Amino acid sequence: MVTYLYWAAVIALVILALFAGSRLGHLGKGAIVAGIIFLAGWLAYYFHYQQVFVKRFGGVMHIKVPNGQRHIGSTWKEDNLWIENFDPKTNECIFSEYSKGNLLEGRVIIRNCNPLMEQAAPRP
């Protein structure tokens, strides 16, 4: 819901810039300002607001598990989402960070990790 309000506000500002440009007799300049507003709104959403909206206000994000891997879990660390997957071919657990705008994403690989295999009970 918050995402829809954000985009409604961005589109309203774009329309306002076009309207103001046409009323002042400079539709070309109004179109340039509208384009700048839309680009700034899109960049702000992609590089900052998307994960903030999802975490704090219940938005929607889509993340695809890579082929051949199995999803184990996910957690938030501040505003960044960490996803844990298991790759049975390489016997590795892979923690991948999804940060704002997909910049500075971290990755942690644990080798010889098989969380899906049942471990034997300790002997008495």
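Ala, Val, Leu, Ile, Met, Phe, Trp, Tyr, Cys and Pro are counted here as nonpolar, Asp, Glu, Lys and Arg as charged, and the others, Gly among them, as polar. The structure is a predicted model, in which local features need pLDDT of at least 70 and side-chain atom pairs count only at pLDDT 80 or more, while totals for chains, interfaces and linings use all residues. Residues are numbered from 1 along each chain as its sequence is written, and side-chain values use heavy atoms, with hydrogens and water left out.

The protein holds 2 helices and 4 strands, and from the N terminus on its elements run α-α-β-β-β-β. Helices (H or I, at least four residues) and strands (E, at least two) are DSSP runs, numbered from the N terminus. Of the 124 residues in the protein, 27% are buried; buried means under 20% relative accessible area, exposed over 50%, and partly exposed in between (1.4 Å probe, protein chains only). With a contact defined as heavy atoms within 4.5 Å, 30% of the contacts between residues at least 6 apart in sequence join residues at least 24 apart.

The cavity search comes next. Rolling a probe the size of a water molecule over the atoms shows where empty space is left. On a 1 Å grid over the protein atoms alone, a cavity is a set of points where a 1.4 Å probe fits but cannot get out, and lining residues have an atom within 4 Å of a point. Grid points are joined across faces, edges and corners, and a volume is the space filled by probe spheres set on the points. A search of the whole structure gives 1 cavity of 30 Å³ or more, and the largest cavity holds about 30 Å³ of space. Its lining is formed by Met1, Val2, Thr3, Phe53, Phe57, Gly58 and Gly59. The elements that contribute two or more residues to this lining are α1 (2-23) and α2. By residue class, the lining of the largest cavity has 4 nonpolar, 3 polar and no charged residues.

Rings of Phe, Tyr and Trp (its six-membered ring) pair if their centres lie within 6.5 Å; planes under 30 degrees apart count as stacked, over 60 as edge-to-face and the rest as tilted. The whole structure contains 11 aromatic pairs. In one of them, Tyr6 and Tyr49 are tilted, at 5.5 Å centre to centre and with 50 degrees between the planes. This pair links distant parts of the chain, as Tyr6 sits in helix α1 and Tyr49 in helix α2, 43 residues apart. Tyr6 is buried at a relative accessible area of 16%, whereas Tyr49 is partly exposed at 31%. Tyr49 also forms a stacked pair with Phe53, at 5.5 Å centre to centre and 15 degrees between the planes. Because Tyr49 and Phe53 are 4 residues apart in helix α2, about one helical turn separates them. Phe53 is buried, with a relative accessible area of 8%. Ring pairs join Tyr6, Trp7, Phe38, Tyr45, Tyr49, Phe53 and Phe57 into a cluster.

Helix α2 also holds Gly35, which is partly exposed at 39% relative accessible area. Gly35 and Ala17 lie 18 residues apart in sequence and 9.1 Å apart in space, C-alpha to C-alpha.

Beyond the helices, Gln69 lies in the loop between α2 (27-57) and β1 (70-77). Gln69 is buried, with 17% relative accessible area. Not counting residues up to four places away in sequence, Gln69 touches Asn85, Phe86, Asp87, Pro88 and Ile94.

Side chains of opposite charge can pair when their charged atoms come close. A salt bridge is a side-chain nitrogen of Lys or Arg within 4 Å of a carboxyl oxygen of Asp or Glu, and the whole structure has 1. Here the side chains of Arg111 and Glu92 meet (3.4 Å, N to O). The pair links distant parts of the chain, with Arg111 in strand β4 (residues 107-111) and Glu92 in strand β3 (residues 92-98), 19 residues apart. Arg111 is exposed at 62% relative accessibility, but Glu92 is buried at 14%.

Finally, the backbone deserves a look. Most residues other than glycine have a negative phi. Asn91, although not a glycine, has a positive phi of about 55 degrees. Asn91 lies in the loop between β2 (80-87) and β3 and is partly exposed, at 25% relative accessible area. Asn112 likewise has a positive phi, near 55 degrees. Asn112 belongs to the segment after β4 and is exposed at 70% relative accessibility.

Conventions. 1 Å grid on protein atoms, 1.4 Å probe; cavity = no way out; pocket = protein on both sides within 12 Å on 5 of 7 lines; lining within 4 Å.
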